[in-house]
Amino acid sequence: MTGSSFVLIPMFLALVGLMLTGAPLAFVLGSVAFIFTIAVWGPGALIVSVLNTFETMTSDSLMAIPLYILMASILQKSGIIEDLYAAMEKWFGRLPGGLAIGTIAICTVMAAMTGVVGAAVAAMGILALPSMMKRGYDRPMALGAICAGGTLGILIPPSVVTIVYAITAQISIGQMFIAGIVPGLALALAYCAYILIRTTLNPALAPRPGPEEPRVPTAEKLAALRTLILPGLIILGVLGTIYAGIATPTEAAAVGVLGAVISALVTGRFSVEQLSASATDTLKVTAMILWITIGARTFISVFTATGGADGLLDFIRGMETSRWLVLAAILGVLIFLGLFLDEIGIILLCVPVFLPIVRELGFDPLWFGILFMITAQMAYITPPFGYTLFYLKGVLPPGVGMGEVYRGVVPFFLIQLGMLLLFILWPELVTWLPERMMAG
C-alpha cells in the first residue's frame, strides 16, 4: 500500500474536506475523481469517467429504482395509506402502546408495498403522530416508533436500497430480497415487543382509552380489514412474480406500478394531476440516486486503479488477527459513516472496497449484505444527518422539536444494534430462507 499512498492519502483528505463543506455527495465524489484522474494520468484518462457514466445510464437493473419510487408515490397520494391507518386504529387502539405498535405494523406493510423509506415516515408523521399526541402518548417514543418503523423499507423487499446494494455487489437482487424477509420481520417484532413491554410497565407513556369511550364493534373491525385487500394484492403481485420466477425484480416493479394505478382507480382517487405529481417526485429522487451512483463509480474506479483496493487487501492479509475482529471493524466504519453520509453513498463508496475483503475472509456475501442493510437502517435514524429525521422534521406539528426526535430514536438504534449482533451470531437466520427457496 506504500507505493500508492502518495495518491490515496490526498484523495482521502480531499474527500473528507469537501464532504465537511456540506456539498452534495455526488459532486464531491465526482470532482475528487476528476481532479485526481487528470493529476495522475492526464486529461485523456477522463474517458473512463465517460464510460462509467454511460454504463450507469444504460443499466437495466437500475430501471427498477424509478419504478418502485413511482409506485410508492402513487400509493401515498391515492389515500390507501390513510385507509390502512384508520383500520389499524380500530384493531390496535386498546392495546398497551397500541397506536405505536399499529404504526410499526403499517410501516411493515408499506415497506412490503413500496420499499421506499421516505413515504412511510412522511405518511405516519402526518397520520399517526397527531393521533398519538392527542391520546397523550410519550412524544419521544411516538417519534422514535415512526422513524424506526420507516427504516423497515430498507430490509423488507422490494427495497430500493437493497437493489442498489445488489447491483453494486454484483449479486442476485432476488436472493437479497429473500434474505431480507426474516431479518426485516424480526426487527418489526422487536420494535413492537419493546413498545409493548415499556408501555405495560409504565402505562403513562401510552394512555389507553377510558371506559367511557365506546368500543369498536367486531363487525366494524372485520369490515375494516377490507383495506388490506389492495395492499395485499400489490405485495402478492410484486413479490409473488419474483419468487415464482415469472418476473425479474425490474419487471416486478412495473407490475407494482400497474397495481398502484389500479388501486387508485378502484378507490376513486386517481387523477392526471396526481400522476403528474408522482412522476415529478420520482424524477427528483431518481436523479439524486443516479448522480451519486455516477460520482461513486468514477471515484471507485480511480481508487482501484491507483492500487487502493489491492493495497487494502494486502494489508488485511498481513494482519494476524481474527476475521471476526476485521468484520467488526468494517461494521463499525459503516455505522460511523452513517453519522455523515446517506445510505446510497455508503453503499456505492464502501461495497467495492469492503466486499473483496469479506470474500477473502470467507464470509457469505449475501449474509454480509443483510448486515450492511441493518447498518444502513442505523444510519437512517442516527443524528445529526439520519434521513428519517429530516423526513419527519418536514411534517412535525408546532411545538415538537428535533431534540425530542433525537431522544426518541436512541432506544430503537440500540434495538437495531442488538439485532445486528443476533444475526452475526446466528447467520442461519439470514441464510435459511434463501437456501430453502433455492433448494425448492
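Visitor: How do the axes of helix α17 and helix α19 lie to each other?
Guide: They come within 9 Å and cross at roughly 35 degrees. Helix α17 spans residues 323-337, and helix α19 spans residues 365-381. An axis here is a line fitted to C-alpha atoms, for helices over the stretch in contact, and angles run from 0 to 180 degrees between N-to-C directions. This is a predicted model, where local features need pLDDT of at least 70, side-chain atom pairs count only at pLDDT 80 or more, and totals for chains, interfaces and linings use all residues. Residues are numbered from 1 along each chain as its sequence is written, and side-chain values use heavy atoms, with hydrogens and water left out.

Visitor: Which residues of α17 and α19 meet?
Guide: From α17 come Trp324, Leu327, Ile330, Leu331, Leu334 and Ile335. From α19 come Trp367, Phe368, Leu371, Phe372, Thr375 and Met378. Meeting is contact, that is, heavy atoms within 4.5 Å. By class, eleven are nonpolar, one is polar and none is charged. Ala, Val, Leu, Ile, Met, Phe, Trp, Tyr, Cys and Pro count as nonpolar, Asp, Glu, Lys and Arg as charged, and the others, Gly among them, as polar.

Visitor: Why is Gln377 called buried?
Guide: Gln377 has a relative accessibility of 0%, so it counts as buried. The cut-offs for relative accessible area are under 20% for buried, over 50% for exposed and in between for partly exposed, with a 1.4 Å probe and protein chains only. Gln377 is in helix α19. Leaving aside neighbours within four places in sequence, Gln377 touches Thr151, Leu152, Ile154, Leu155, Leu187 and Gln416.

Visitor: Why is α4 called roughly parallel to α14?
Guide: Their packing angle is about 15 degrees, with axes 8 Å apart. That angle makes the two helices roughly parallel. Helix α4 covers residues 64-77, and helix α14 covers residues 249-266. Their crossing is left-handed.

Visitor: What classes of residue make up the contact of α4 with α14?
Guide: There are 15 nonpolar, two polar and no charged residues. Among them, Leu67, Tyr68 and Met71 lie in α4, and Thr250, Gly256 and Val257 in α14.

Visitor: Where is Met63, and why is it called partly exposed?
Guide: Met63 sits in the loop between α3 (47-57) and α4. At 45% relative accessibility, it counts as partly exposed. The C-alpha atoms of Met63 and Glu251 are 9.1 Å apart, though 188 residues separate them along the chain.

Visitor: What makes Cys147 and Cys192 buried?
Guide: Cys147 has a relative accessible area of 0%, so it is buried. Cys192 has 18%, so it is buried too.

Visitor: Which residues of α8 meet α21?
Guide: Cys147 is one of them, and others include Arg139, Met141 and Leu143. On α21, the partners include Glu404, Arg407 and Phe412. The contact has nine nonpolar, two polar and three charged residues. The axes of α8 (residues 139-150) and α21 (residues 402-425) come within 7 Å and cross at roughly 65 degrees. That crossing is right-handed.

Visitor: Why is Gln170 called exposed?
Guide: Its relative accessibility is 73%, so Gln170 counts as exposed. Gln170 lies in the loop between α10 and α11 (173-201). Its phi is positive, about 60 degrees, although Gln170 is not a glycine.

Visitor: Which residues does a cis peptide bond join?
Guide: Pro157 and Pro158, with omega about 5 degrees. Pro158 is in the loop between α9 (152-155) and α10 (160-169).

Technical notes
Helices (H or I, at least four residues) and strands (E, at least two) are DSSP runs, numbered from the N terminus. Angles under 35 degrees count as roughly parallel, over 145 as roughly antiparallel, 65 to 115 as roughly perpendicular and the rest as oblique. A crossing is left-handed if the near helix is turned anticlockwise from the far one by less than a right angle, and right-handed if clockwise.
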